[in-house]
Amino acid sequence: MNTARLDATFAALADPTRRAILARLASGDASVMELAEPFSMSQPAISKHLKVLERAGLISTGSDAQRRPRKLEAKPLEEATQWLEKYREFWEASFLRLDDLLQEMKATAGESRKKVIAKSTPKISGRAAPRTRRSKTSKEKK
Amino acid sequence: MNFAATFKVAMLSDKEIEVSRVFNAPRTLVFDAHTKPELIKRWMFGPPGWSFAVCEVDLRVGGAYRFVWRGPENVEMGMGGIHKEIVVPEKIVNTQKFDQDWTGGEAIGTLLLSEQDGKTTLRNRVLYVSKEARDGALASGMTEGMTFTYNRLEEVLPAFATEGA
(Lines give C-alpha, C1' and ligand atoms only; values in the text may rest on other atoms or scores of the structure.)
Protein backbone atom coordinates (compact mmCIF):
# COMPACT_ATOMS: atom_id res chain seq x y z
CA MET A 1 0.00 0.00 0.00
CA ASN A 2 1.10 3.50 -0.80
CA THR A 3 1.36 6.05 2.04
CA ALA A 4 0.99 9.11 -0.20
CA ARG A 5 -2.13 7.70 -1.76
CA LEU A 6 -3.68 6.87 1.60
CA ASP A 7 -2.94 10.43 2.75
CA ALA A 8 -4.76 11.69 -0.31
CA THR A 9 -7.64 9.28 0.43
CA PHE A 10 -7.98 10.40 4.06
CA ALA A 11 -7.76 14.08 3.08
CA ALA A 12 -10.39 13.59 0.39
CA LEU A 13 -12.71 11.78 2.83
CA ALA A 14 -12.40 14.47 5.51
CA ASP A 15 -14.75 16.80 3.60
CA PRO A 16 -18.53 16.33 4.04
CA THR A 17 -19.42 17.36 0.45
CA ARG A 18 -16.92 14.89 -0.96
CA ARG A 19 -18.27 12.10 1.28
CA ALA A 20 -21.78 12.95 0.09
CA ILE A 21 -20.60 12.81 -3.53
CA LEU A 22 -19.12 9.35 -2.92
CA ALA A 23 -22.31 8.16 -1.25
CA ARG A 24 -24.26 9.43 -4.27
CA LEU A 25 -21.89 7.68 -6.72
CA ALA A 26 -22.25 4.43 -4.78
CA SER A 27 -25.77 4.20 -6.18
CA GLY A 28 -24.62 4.81 -9.78
CA ASP A 29 -22.56 6.97 -12.15
CA ALA A 30 -23.46 10.64 -12.48
CA SER A 31 -22.44 13.66 -14.56
CA VAL A 32 -21.10 16.88 -13.01
CA MET A 33 -24.47 18.51 -13.60
CA GLU A 34 -26.35 15.68 -11.89
CA LEU A 35 -23.94 15.86 -8.95
CA ALA A 36 -24.16 19.65 -8.60
CA GLU A 37 -27.95 19.62 -8.35
CA PRO A 38 -28.60 18.16 -4.86
CA PHE A 39 -25.75 20.13 -3.30
CA SER A 40 -26.93 23.55 -4.53
CA MET A 41 -23.36 24.30 -5.54
CA SER A 42 -22.02 25.78 -8.73
CA GLN A 43 -20.54 23.39 -11.26
CA PRO A 44 -17.01 24.84 -10.85
CA ALA A 45 -17.24 24.28 -7.08
CA ILE A 46 -18.32 20.67 -7.62
CA SER A 47 -15.61 20.21 -10.26
CA LYS A 48 -13.01 21.26 -7.68
CA HIS A 49 -14.22 18.54 -5.27
CA LEU A 50 -14.28 16.02 -8.10
CA LYS A 51 -10.66 16.85 -8.94
CA VAL A 52 -9.61 16.12 -5.34
CA LEU A 53 -11.52 12.83 -5.40
CA GLU A 54 -10.02 11.88 -8.76
CA ARG A 55 -6.48 12.67 -7.60
CA ALA A 56 -7.05 10.41 -4.57
CA GLY A 57 -8.10 7.68 -6.98
CA LEU A 58 -11.57 7.52 -5.42
CA ILE A 59 -13.41 8.28 -8.66
CA SER A 60 -12.74 8.13 -12.39
CA THR A 61 -14.31 9.69 -15.44
CA GLY A 62 -16.26 7.43 -17.80
CA SER A 63 -15.68 7.22 -21.51
CA ASP A 64 -18.89 8.95 -22.64
CA ALA A 65 -17.33 12.15 -24.06
CA GLN A 66 -20.49 14.25 -23.79
CA ARG A 67 -21.80 13.28 -20.37
CA ARG A 68 -18.40 12.52 -18.82
CA PRO A 69 -19.97 10.46 -16.01
CA ARG A 70 -18.05 10.14 -12.75
CA LYS A 71 -17.70 6.65 -11.37
CA LEU A 72 -16.76 5.35 -7.91
CA GLU A 73 -13.47 3.46 -7.69
CA ALA A 74 -13.70 0.73 -5.09
CA LYS A 75 -10.05 -0.10 -4.41
CA PRO A 76 -8.70 2.92 -2.45
CA LEU A 77 -11.94 3.27 -0.56
CA GLU A 78 -11.72 -0.38 0.30
CA GLU A 79 -8.20 0.07 1.66
CA ALA A 80 -9.22 3.01 3.81
CA THR A 81 -12.47 1.62 5.14
CA GLN A 82 -11.71 -2.06 5.58
CA TRP A 83 -9.56 -1.75 8.65
CA LEU A 84 -11.98 0.80 10.08
CA GLU A 85 -14.80 -1.69 9.55
CA LYS A 86 -12.90 -4.43 11.32
CA TYR A 87 -12.09 -2.11 14.21
CA ARG A 88 -15.72 -1.09 14.38
CA GLU A 89 -16.90 -4.68 14.36
CA PHE A 90 -14.56 -5.64 17.20
CA TRP A 91 -15.71 -2.88 19.55
CA GLU A 92 -19.37 -2.96 18.60
CA ALA A 93 -19.65 -6.66 19.43
CA SER A 94 -17.53 -6.32 22.59
CA PHE A 95 -19.51 -3.35 23.94
CA LEU A 96 -22.80 -5.28 23.71
CA ARG A 97 -21.31 -7.87 26.05
CA LEU A 98 -19.92 -5.10 28.27
CA ASP A 99 -23.49 -3.77 28.67
CA ASP A 100 -24.53 -7.12 30.14
CA LEU A 101 -21.46 -7.42 32.33
CA LEU A 102 -21.95 -3.90 33.76
CA GLN A 103 -25.57 -4.65 34.67
CA GLU A 104 -24.40 -7.79 36.42
CA MET A 105 -21.69 -5.83 38.27
CA LYS A 106 -24.26 -3.22 39.32
CA ALA A 107 -26.58 -5.94 40.66
CA THR A 108 -23.69 -7.60 42.51
CA ALA A 109 -22.61 -4.26 44.02
CA GLY A 110 -26.24 -3.64 45.11
CA GLU A 111 -26.46 -7.10 46.69
CA SER A 112 -23.30 -6.70 48.74
CA ARG A 113 -24.39 -3.24 49.91
CA LYS A 114 -27.68 -4.67 51.13
CA LYS A 115 -25.84 -7.39 52.98
CA VAL A 116 -23.63 -4.87 54.77
CA ILE A 117 -26.63 -2.78 55.80
CA ALA A 118 -28.55 -5.83 57.06
CA LYS A 119 -25.45 -6.99 58.96
CA SER A 120 -26.39 -10.50 58.03
CA THR A 121 -24.28 -13.40 59.19
CA PRO A 122 -21.18 -13.64 57.04
CA LYS A 123 -21.56 -16.00 54.12
CA ILE A 124 -18.85 -18.24 52.85
CA SER A 125 -16.97 -16.10 50.33
CA GLY A 126 -17.08 -17.42 46.83
CA ARG A 127 -20.76 -18.23 47.10
CA ALA A 128 -22.39 -16.47 44.22
CA ALA A 129 -25.04 -13.84 44.69
CA PRO A 130 -28.37 -15.34 43.65
CA ARG A 131 -28.89 -13.12 40.61
CA THR A 132 -25.52 -13.53 38.91
CA ARG A 133 -25.90 -15.84 35.96
CA ARG A 134 -22.26 -16.61 35.38
CA SER A 135 -20.73 -16.32 38.81
CA LYS A 136 -17.13 -15.98 37.65
CA THR A 137 -17.13 -12.26 38.38
CA SER A 138 -15.12 -11.57 41.47
CA LYS A 139 -17.02 -9.39 43.89
CA GLU A 140 -14.27 -8.56 46.28
CA LYS A 141 -12.09 -5.51 45.76
CA LYS A 142 -8.41 -5.91 46.11
CA MET B 1 -32.23 5.09 26.00
CA ASN B 2 -30.72 2.80 23.41
CA PHE B 3 -27.10 2.60 24.48
CA ALA B 4 -26.00 0.50 21.50
CA ALA B 5 -27.03 3.42 19.26
CA THR B 6 -24.53 5.74 20.98
CA PHE B 7 -21.67 3.75 19.41
CA LYS B 8 -19.49 5.88 17.11
CA VAL B 9 -16.24 5.47 15.22
CA ALA B 10 -14.40 8.55 13.98
CA MET B 11 -11.06 9.48 12.46
CA LEU B 12 -9.81 12.41 14.57
CA SER B 13 -7.01 12.97 12.05
CA ASP B 14 -5.40 10.81 9.40
CA LYS B 15 -3.44 9.06 12.15
CA GLU B 16 -5.92 8.91 15.03
CA ILE B 17 -9.08 6.86 15.38
CA GLU B 18 -11.69 7.16 18.15
CA VAL B 19 -14.39 4.76 19.29
CA SER B 20 -17.01 6.22 21.65
CA ARG B 21 -20.01 4.78 23.49
CA VAL B 22 -22.30 5.52 26.45
CA PHE B 23 -22.88 2.85 29.13
CA ASN B 24 -25.59 2.65 31.76
CA ALA B 25 -23.19 2.30 34.70
CA PRO B 26 -20.89 4.46 36.82
CA ARG B 27 -17.35 4.80 35.50
CA THR B 28 -15.76 2.95 38.41
CA LEU B 29 -17.41 -0.20 37.06
CA VAL B 30 -16.44 0.58 33.45
CA PHE B 31 -12.87 1.20 34.64
CA ASP B 32 -12.81 -2.15 36.49
CA ALA B 33 -14.15 -3.92 33.39
CA HIS B 34 -11.17 -2.53 31.44
CA THR B 35 -8.47 -3.29 33.99
CA LYS B 36 -9.28 -6.55 35.82
CA PRO B 37 -8.39 -9.60 33.73
CA GLU B 38 -11.26 -11.72 35.12
CA LEU B 39 -13.66 -9.02 33.89
CA ILE B 40 -11.86 -8.15 30.61
CA LYS B 41 -12.05 -11.82 29.61
CA ARG B 42 -15.82 -11.70 29.75
CA TRP B 43 -16.31 -9.08 27.02
CA MET B 44 -13.30 -7.67 25.14
CA PHE B 45 -12.97 -10.27 22.41
CA GLY B 46 -14.81 -8.95 19.38
CA PRO B 47 -17.06 -11.04 17.17
CA PRO B 48 -18.51 -14.38 18.34
CA GLY B 49 -16.07 -17.24 17.90
CA TRP B 50 -13.18 -15.45 19.60
CA SER B 51 -11.97 -15.75 23.20
CA PHE B 52 -8.93 -14.95 25.32
CA ALA B 53 -5.93 -17.28 25.40
CA VAL B 54 -3.86 -14.84 27.47
CA CYS B 55 -5.10 -11.84 29.46
CA GLU B 56 -2.60 -10.21 31.81
CA VAL B 57 -2.63 -6.68 33.23
CA ASP B 58 -0.07 -5.07 35.53
CA LEU B 59 -1.94 -1.88 36.34
CA ARG B 60 0.96 0.37 37.27
CA VAL B 61 2.74 3.09 35.33
CA GLY B 62 5.53 1.19 33.61
CA GLY B 63 3.61 -2.07 34.08
CA ALA B 64 2.88 -4.29 31.08
CA TYR B 65 -0.30 -5.81 29.73
CA ARG B 66 -0.67 -8.62 27.27
CA PHE B 67 -3.70 -9.95 25.37
CA VAL B 68 -3.81 -12.96 23.07
CA TRP B 69 -7.09 -13.83 21.39
CA ARG B 70 -7.93 -17.20 19.86
CA GLY B 71 -10.39 -17.33 17.02
CA PRO B 72 -11.94 -19.81 14.62
CA GLU B 73 -9.59 -22.61 13.53
CA ASN B 74 -7.28 -21.72 16.43
CA VAL B 75 -5.99 -18.54 14.78
CA GLU B 76 -4.19 -16.45 17.39
CA MET B 77 -3.78 -12.70 17.50
CA GLY B 78 -1.67 -11.07 20.17
CA MET B 79 -0.91 -7.57 21.32
CA GLY B 80 0.50 -5.79 24.33
CA GLY B 81 2.25 -2.74 25.68
CA ILE B 82 3.19 -0.64 28.68
CA HIS B 83 1.01 1.64 30.82
CA LYS B 84 2.14 5.26 30.52
CA GLU B 85 -0.48 7.03 32.62
CA ILE B 86 -3.21 5.80 34.97
CA VAL B 87 -5.84 8.02 36.57
CA VAL B 88 -8.41 5.85 38.39
CA PRO B 89 -11.24 5.76 37.28
CA GLU B 90 -11.00 8.16 34.33
CA LYS B 91 -7.96 7.70 32.15
CA ILE B 92 -5.45 5.15 30.92
CA VAL B 93 -2.70 5.86 28.40
CA ASN B 94 -0.70 2.93 27.09
CA THR B 95 1.45 1.78 24.20
CA GLN B 96 -0.04 -0.79 21.83
CA LYS B 97 1.81 -3.15 19.58
CA PHE B 98 0.48 -6.15 17.73
CA ASP B 99 2.59 -9.29 17.39
CA GLN B 100 2.48 -9.13 13.61
CA ASP B 101 5.37 -6.77 13.08
CA TRP B 102 3.95 -3.79 11.32
CA THR B 103 6.32 -1.26 9.91
CA GLY B 104 6.45 1.93 11.96
CA GLY B 105 5.99 0.20 15.29
CA GLU B 106 3.64 0.94 18.10
CA ALA B 107 0.64 3.15 18.66
CA ILE B 108 -0.52 5.14 21.69
CA GLY B 109 -3.90 4.18 23.17
CA THR B 110 -5.95 6.51 25.38
CA LEU B 111 -9.04 5.44 27.30
CA LEU B 112 -11.16 8.30 28.66
CA LEU B 113 -14.18 7.80 30.95
CA SER B 114 -16.50 10.59 32.00
CA GLU B 115 -19.61 10.15 34.16
CA GLN B 116 -22.90 12.00 34.27
CA ASP B 117 -26.08 10.91 36.12
CA GLY B 118 -24.70 7.43 36.68
CA LYS B 119 -23.96 6.95 32.98
CA THR B 120 -20.47 6.71 31.54
CA THR B 121 -19.20 8.06 28.22
CA LEU B 122 -16.23 6.08 27.00
CA ARG B 123 -13.71 7.35 24.44
CA ASN B 124 -11.06 4.97 23.21
CA ARG B 125 -8.42 6.58 20.97
CA VAL B 126 -5.55 5.06 19.07
CA LEU B 127 -2.87 7.36 17.70
CA TYR B 128 -0.47 5.84 15.20
CA VAL B 129 2.99 7.24 15.72
CA SER B 130 3.68 7.33 11.99
CA LYS B 131 1.83 7.13 8.74
CA GLU B 132 3.72 3.90 8.09
CA ALA B 133 2.23 2.37 11.26
CA ARG B 134 -1.22 3.44 10.19
CA ASP B 135 -0.65 1.88 6.77
CA GLY B 136 0.51 -1.28 8.48
CA ALA B 137 -2.65 -1.36 10.56
CA LEU B 138 -4.75 -0.88 7.46
CA ALA B 139 -2.85 -3.60 5.63
CA SER B 140 -3.33 -6.06 8.50
CA GLY B 141 -7.07 -5.60 8.26
CA MET B 142 -6.98 -6.53 4.63
CA THR B 143 -5.27 -9.84 5.22
CA GLU B 144 -8.32 -10.92 7.21
CA GLY B 145 -10.22 -11.06 3.94
CA MET B 146 -13.05 -8.78 4.90
CA THR B 147 -15.50 -8.22 2.16
CA PHE B 148 -16.30 -4.69 1.20
CA THR B 149 -19.82 -3.75 0.25
CA TYR B 150 -21.21 -0.46 -0.88
CA ASN B 151 -24.23 -1.12 1.34
CA ARG B 152 -22.28 -0.04 4.37
CA LEU B 153 -20.59 2.89 2.68
CA GLU B 154 -22.92 5.50 4.10
CA GLU B 155 -22.41 4.04 7.53
CA VAL B 156 -18.64 4.11 7.26
CA LEU B 157 -18.11 7.45 5.52
CA PRO B 158 -19.11 9.69 8.46
CA ALA B 159 -16.22 8.23 10.42
CA PHE B 160 -13.87 10.23 8.24
CA ALA B 161 -15.27 13.53 9.50
CA THR B 162 -12.30 15.01 11.37
CA GLU B 163 -14.51 16.59 14.01
CA GLY B 164 -12.01 16.32 16.83
CA ALA B 165 -9.41 18.39 14.97
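Modeller: Before we start, one bit of bookkeeping: axes are lines fitted to C-alpha atoms, and angles run from 0 to 180 degrees between N-to-C directions. And keep in mind that this is a predicted model.

Biologist: Fine. At about what angle does α1(B) run to β7(B)?

Modeller: That helix lies across β2, β3, β7 and β8 of chain B. Its angle is quoted against β7(B), residues 107-116, and comes to about 155°.

Biologist: And the sheet itself, which strands are at its edges?

Modeller: It's an open sheet of eight strands in chain B, ordered β1-β2-β8-β7-β6-β5-β4-β3, with antiparallel pairing. The twist averages 20° from one strand to the next. An edge strand pairs on one side only, and that picks out β1 (8-13) and β3 (51-57) of chain B.

Biologist: Now the largest nonpolar core: which element gives the most to it?

Modeller: This core has 18 residues, with A:L98, A:L102 and B:F23 among those with the most contacts inside it. At least two residues each come from α5 of chain A and from β2, α1 and α2 of chain B. Five residues come from the top contributor, α5(A).

Biologist: Which chain A residues is B:F23 in contact with?

Modeller: Set aside its neighbours within four places in sequence. On its own chain, the contacts include B:F3, B:V30 and B:L122.

Definitions and conventions. Residues are numbered from 1 along each chain as its sequence is written. Chains are lettered from A and ligands numbered from 1 in the order in which they are written. This is a predicted model: local features need pLDDT of at least 70, side-chain atom pairs count only at pLDDT 80 or more; totals for chains, interfaces and linings use all residues. A nonpolar core is a set of buried Ala, Val, Leu, Ile, Met, Phe, Trp, Tyr and Cys residues joined through C-beta atoms within 7 Å. A residue is buried if 20 or more other C-beta atoms lie within 10 Å of its own, exposed if 12 or fewer, and partly exposed in between; C-beta atoms are placed from the backbone. Helices (H or I, at least four residues) and strands (E, at least two) are DSSP runs, numbered from the N terminus. Two residues are in contact if their C-beta atoms, placed from the backbone, lie within 7 Å. Two strands pair if DSSP finds at least two bridges between them.
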